[in-house]
Amino acid sequence: IEEDTGIVSRCTILGHVQRGGSPTVRDRVMASEMGNYAVDLLDKGIGNRVVVLQQGVVTDFDIQEALAMKKEFPMDLYKMSYDISI
């Protein structure tokens, strides 16, 4: 990757980043769909995008737009997780 792009790259062992256990079939399919979408963007010469799953659809946003997005904290889910952990 470094030779082809000139971008410094490092190897990451997913086990050190991902602490949620083994990926499910759904995780693997979603990763394949999102990876394919990202490669299609690059193939079209489109960069600086963030690939996301939004309302069940793989799409992309400008990276600066994505960084500026605010996401509400799901207080109802937080309360539920607190209630069932007692």
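Entry, pocket. I listed the lining of the largest pocket: V50, V52, F61, A66, M69, K70, K71 and E72. I took a pocket as an open set of points on a 1 Å grid over the protein atoms alone, where a 1.4 Å probe fits, with protein on both sides within 12 Å along at least five of seven lines; lining residues have an atom within 4 Å of a point. By class, I read five nonpolar, no polar and three charged residues in this lining. The space in the largest pocket comes to about 170 Å³.

Entry, source. The model is predicted, so I noted that local features need pLDDT of at least 70, that side-chain atom pairs count only at pLDDT 80 or more, and that totals for chains, interfaces and linings use all residues. Residues are numbered from 1 along each chain as its sequence is written, and side-chain values use heavy atoms, with hydrogens and water left out.

Entry, backbone. I looked up phi for N48 and found a positive value near 55°, in a residue other than glycine. N48 sits in the loop between α3 (25-43) and β1 (49-54); helices (H or I, at least four residues) and strands (E, at least two) are DSSP runs, numbered from the N terminus. N48 counts as exposed because its relative accessibility is 61%, where exposed means over 50%, buried under 20% and partly exposed in between (1.4 Å probe, protein chains only). Phi of Q55 is also positive, near 55°. I placed Q55 in the loop between β1 and β2 (57-62), and its relative accessible area of 80% makes Q55 exposed.

Technical notes:
Points joined across faces, edges and corners; volume = space filled by probe spheres on them. Nonpolar A, V, L, I, M, F, W, Y, C, P; charged D, E, K, R; others polar.
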